[in-house]
Amino acid sequence: MNDAPQPVPGTSAPSSLKARARRVLQHLDAVLPNVDALYADLHEHPELSGHEARTASEVASRLEAEGYEVTRDVGGHGVVGLLRNGDGPTVLLRGDLDALPVEEKTGLPYASHERTDDGEPVMHACGHDVHTACLVGTAAVLARSRDAWRGTVMVVGQPAEETLEGAKAMLDAGLYARFGTPDAVLGQHTAPLPVGTFMHREGVAMMGSAHVRLRLFGRGAHGAQPELSVDPVVLGASVVMRLQTIVSRALSPLEAAVVTVGRFQAGTRANVIPDEAVLELTVRTEDDAVQARVLAGIERIAKGEAAASGAPKPPQVEVLGRTPVNRNDPALLRRVRDAHAEWFGCDALVPGVLVTASEDFPFFAQGPEHPVPTAYWFMGITSPKAWEQAPGTTPQEKVAHLPGPHSGFYAPDRAGSLRTGCESLTVAALACLHEGGASANH
Ligand SMILES: [Zn+2]
Ligand SMILES: [Zn+2]
């Protein structure tokens, strides 16, 4: 028992957070060399979504060495590590394991030279190696300071984030049924903000997404005899142009959304009118109901334009994948942000802006019986020197000139990112866990 104030049931005692964080993070200096070695190793040996066997094994063995009960191969290469430490909330800490088919151009000594068997380059261009290394570092300091907190820590190494499949695959594999439904889920992502700064947004942190494929059917003919055809290229062009009216005409100016046609394929020769055209679209919205309206609009326009062209049959509209919006639980987000303010100081917090990119993290909010509170924040990784040298005076101008996620030049400040990333996840976890010695009264 310690003589710290007892927390109010269901909450932690704010006055003791910094003291508890010090007790846990006193182990960070001992842990950081391992975190750094793991980071450099993962960075040099990235694995694409669904192929994270080596990464998962590195994570699993390190969690086992710290005393976690580890289960491998949960929904693909997913890793689950449990540390039960008395009565208290269960807090899920999530890190993503996968890399991208991007060629690394950083020139770093630990740069990736990996290629797939097909010759495709592979790089940790989204900073998931930072997330994973900090996840393992956080797991280690929590395991070494069990007298400072009570509850259960569930460490999740999630595969296949970039394809937006891994979180759902882990849940479908019974993550919550097998290991318990958590009381809080925490995740963090790198961003080209200054290292040591953090961005939290109340409400929606990131847009939801949908990936849509349209197959438009026409009738092929000689290029010199268009009157014998139903030209799917002209039909497709009309669809592309008309789709632009969804955001501009069918939604309110206050409803943020993106409709992008990223792929338009048709035909093989200049003088042959083909039989069909294929379009692939990405849809981003700030609200799941708006996403449903945009998807309905896409289908309506594709069918309407096909009918107007005299197409021999209606288009095929397939939603190949979708993610909900990444919505923070208000109370949990405030608790995490307050904890970060207490630990790092208020100057370390950057005003939250809506990110139009998407994540499969929100699937963790889908509990079997009720929604699970989730909180997701961004951590800065840009070195002070690079930040200073970036053109511009406002953060927005500087960020626009710095390499961001999915760039071959994305190069997080190694020491600063790993230290502050371990601290931010640890402090957030402690804000959710009970204080050491506290009764099981939550
Ligand atoms: Zn990414
Ligand atoms: Zn990412």
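This is a predicted model: local features need pLDDT of at least 70, side-chain atom pairs count only at pLDDT 80 or more; totals for chains, interfaces and linings use all residues.
Cys-126 is found in the loop between strand S3 (90–96) and helix H4 (128–143), while Glu-162 is in the loop between strand S4 (149–158) and helix H5 (166–172), so the pair ties together parts that are 36 residues apart in sequence. With a relative accessible area of 7%, Cys-126 is buried.

## Nonpolar cores

The largest nonpolar core contains 60 residues, and Tyr-68, Leu-93, Leu-142, Trp-149, Val-153 and Leu-186 have the most contacts inside it. Helix H4 gives the most to this core, with ten residues. Apart from neighbours within four places in sequence, Leu-142 is in contact with residues including Val-24, Tyr-68, Leu-93, Trp-149, Val-153 and Leu-430.

There is also a second, separate core of 24 residues; Ala-167, Met-199, Phe-363 and Val-372 are among them.

## Aromatic pairs

Five aromatic pairs are found in the whole structure. In one of them, the ring centres of Tyr-39 and Tyr-110 are 6.0 Å apart and the planes are at 65°, so the pair is edge-to-face. Tyr-39 belongs to helix H2 (residues 28–44) and Tyr-110 to the loop between S3 and H4, so the pair ties together parts that are 71 residues apart in sequence. Tyr-39 is buried at a relative accessible area of 1%, and Tyr-110 counts as buried at 10%.

Phe-361 and Tyr-376 have ring centres 5.0 Å apart and planes at 50°, so this pair is tilted. Phe-361 sits in the loop between strand S15 (349–350) and strand S16 (374–382), and Tyr-376 in strand S16, so the pair ties together parts that are 15 residues apart in sequence. Both residues are buried, Phe-361 with a relative accessible area of 0% and Tyr-376 with 1%. Ring pairs join Phe-361, Phe-364, Tyr-376 and Phe-378 into a cluster.

## Charges over rings

Arg-414 lies over the face of Tyr-110, 4.6 Å from the ring centre. Lys-313 lies over the face of Phe-217, at 4.3 Å from the ring centre.

Key:
Residues are numbered from 1 along each chain as its sequence is written. Chains are lettered from A and ligands numbered from 1 in the order in which they are written. Side-chain values use heavy atoms; hydrogens and water are left out. Helices (H or I, at least four residues) and strands (E, at least two) are DSSP runs, numbered from the N terminus. Buried means under 20% relative accessible area, exposed over 50%, partly exposed in between (1.4 Å probe, protein chains only). A nonpolar core is a set of buried Ala, Val, Leu, Ile, Met, Phe, Trp, Tyr and Cys residues joined through side-chain atoms within 4.5 Å. Contact means heavy atoms within 4.5 Å. Rings of Phe, Tyr and Trp (its six-membered ring) pair if their centres lie within 6.5 Å; planes under 30 degrees apart count as stacked, over 60 as edge-to-face and the rest as tilted. A charge sits over a ring if NZ of Lys or CZ of Arg is within 6 Å of the ring centre and within 35 degrees of the ring normal.
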